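Visitor: I have a structure to look through and some questions about it. Could you show it first?

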Protein chains: 2
Amino acid sequence: MEIYFLGTGAGVPSKERNVSSIALMLLQEAKSVWLFDCGEATQHQILHTSIKPRKINKIFITHLHGDHIFGLPGLLSSRSFQGGDEELIIYGPNGIKEYVLTSLKVSGTHLTYPLSFVEISEGKIMEDDHFIVYCKLLEHGIPSYGFRIEEKAKPGELLVENLKAIGIKPGPIYQQIKQNETTFLDDGKIIERKEFIGPEKPGRTVVILGDTRSTEKNQEFVQDANLLIHEATFDKDKAALAHNYFHSTTVQAASLAMDGNVKQLILTHISSRYQHHDAQQLLEEARQIFINTEIAYDLFHVSIPSN
Amino acid sequence: MEIYFLGTGAGVPSKERNVSSIALMLLQEAKSVWLFDCGEATQHQILHTSIKPRKINKIFITHLHGDHIFGLPGLLSSRSFQGGDEELIIYGPNGIKEYVLTSLKVSGTHLTYPLSFVEISEGKIMEDDHFIVYCKLLEHGIPSYGFRIEEKAKPGELLVENLKAIGIKPGPIYQQIKQNETTFLDDGKIIERKEFIGPEKPGRTVVILGDTRSTEKNQEFVQDANLLIHEATFDKDKAALAHNYFHSTTVQAASLAMDGNVKQLILTHISSRYQHHDAQQLLEEARQIFINTEIAYDLFHVSIPSN
Ligand SMILES: [Zn+2]
Ligand SMILES: [Zn+2]
């Protein structure tokens, strides 16, 4: 579980920060990459990473503002051009399908892979063998969602020494014992898995919020996450501006991280009014409230350690 | 009259070449910039030039393939964000209006300036005090157009010495004489402008073709241009491939420049199969046919000298 920040700016691209996109790398867990938002030139940013567009099989859209979606038609086309053939699913608010299908139709683009859409609303929007994704409506003037990605717990390790102690030698049978609740051996022995397996490993939780005003209502949704990714469009002194424009400040993001007892906070969606040398100041403000904070920059890469 | 090549690649962006866009700088002639095509991340490329988005008041779209239009919604939004308030007109094939308006509607984008559309077809599509623009349908599978931009001739210089010789001293009267066919002086003299003005200065002609197969039918349209900008998606040995995919080779573009008696040829829309070091080879091929050829690269900048 790794994360690439592909674009960390707000509203318009600058030389320093592209508009929003985050890649959640699940290559070990699910052999795939999930994208969260896809601002213009996200595919250009991907050229500077190890990400292969054909490995992206889910794209989650927080909200429909242009700086979060205008890179979608180009990325979808290029994924096709590069020979992607696996299905791609786009999860997003009502309107995303119309935007994408109109763009593809007008440009005469015929994709080489199946494309489908899931219109999101609050609650569980996806579950597979490894992950569950929940959605929450935030406060942003237009519908803007947060995504809570919960990794399922993994079964514990087989207690090899205990098996050997009762005379079961290593071989294909070990895999069978691990995969089944009960295994019947040729010699009549009955093996209950729970007696030969260590404690299960709890999964990790990542919460990625779309653009949002600061509100207590977001706290439960981020609770106890391993990583919270939160916008910080403004510095701490611009709370009124942030409120009026449905955005958050550094300190508001940090307070949510603190109150929600998350392990780590990463700030993104930084206004282009802040230059490179301002980033340290923004970071310091947040760390006054929540020490385990980082501020993202384009192509910033972070691993989420196991629990 | 200057030209910036903002994107010179074909189909998909690469690290070396962005997708198509060309800026025709008419700051001296008309205090404006015209854009030809607007592939994704054109606004990003503009960040590396002196071009101000609010100075762009006309955008011409050759055809609707994604690599020529997917940068439009972002550029229009950013022009608004940066406080542009002058009207912008988009000239393009049927479909461009639906694409742009859907993108703006879905993303909730409200522009700060009037936006209008002109659906193009063959013939004269625009005329103002300084320029006339003609359109021609090319061969590209979908409707793809070329643009011929003809600068109008400028009136010659006032022959100051001749005016002085008949006793008319420099002053506001000179401007009056220059602007009117006939001027009546207070002392009863009648001045016919044509007797006191030098030869008019012929305007320049730039022809920018959209993606096209090589065809003799394009020759008349490019005839005698000061500058022809032509796609060269493939090298000279790939004429069959070029034909099948409705594109041109280096040598085909050069032959058109030769047959059309243009002054200069610039090749663009280079396939990403060609790396940086291949460009010289592509250029040499074209120069075998037409010596005054250049190959564009991203941010390549060229001035078009007066006739
Ligand atoms: Zn937003
Ligand atoms: Zn094309």
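Visitor: Is B:Asp211 buried or exposed?
Guide: The model is a predicted one. A residue is buried when its relative accessible area is under 20%. The value for B:Asp211 is 3% relative accessibility, so this residue counts as buried.

Visitor: Which protein donors does the zinc ion (ligand 2) have?
Guide: The donor atoms lie 2.2 to 2.4 Å from the zinc ion. Their spacing along the chain is H-x1-H-x74-H-x70-D. B:His63, in the loop between β4 and α3 of chain B, and B:Asp211, in the loop between β12 and α8, are 148 residues apart. The donors are B:His63 (NE2), B:His65 (ND1), B:His140 (NE2) and B:Asp211 (OD).

Visitor: What is the arrangement of the four donor atoms around the zinc ion (ligand 2)?
Guide: Four donors count as tetrahedral if all angles lie between 85 and 135 degrees. Here the angles run from 85 to 176°, which makes the arrangement irregular.

Visitor: Is A:Gln28 buried or exposed?
Guide: A:Gln28 is placed in helix α1 of chain A, residues 27–30. Exposed means over 50% relative accessible area. With 77% relative accessibility, A:Gln28 counts as exposed.

Visitor: What relation do the rotation and shift between chain B and chain A give?
Guide: Chain B is superposed on chain A by a rotation of 180° with 0.0 Å of shift along the axis, at an RMSD of 0.1 Å. That is the relation of a two-fold axis.

Visitor: Which C-alpha in chain B is nearest the axis?
Guide: The C-alpha in question lies 2.7 Å from the axis. The residue is B:Ala41.

Conventions. Residues are numbered from 1 along each chain as its sequence is written. Chains are lettered from A and ligands numbered from 1 in the order in which they are written. This is a predicted model: local features need pLDDT of at least 70, side-chain atom pairs count only at pLDDT 80 or more; totals for chains, interfaces and linings use all residues. Side-chain values use heavy atoms; hydrogens and water are left out. Donors are N, O and S atoms within 2.8 Å of the metal (3.2 Å for Na, K and Ca); water is not among the atoms, so sites may look incomplete. Four donors count as tetrahedral if all angles lie between 85 and 135 degrees; four count as square planar and six as octahedral if opposite donors are over 155 degrees apart and all others between 65 and 115; anything else is irregular. Helices (H or I, at least four residues) and strands (E, at least two) are DSSP runs, numbered from the N terminus. Buried means under 20% relative accessible area, exposed over 50%, partly exposed in between (1.4 Å probe, protein chains only). Copies are superposed by least squares on the C-alpha atoms of residues with pLDDT of at least 70 in both.
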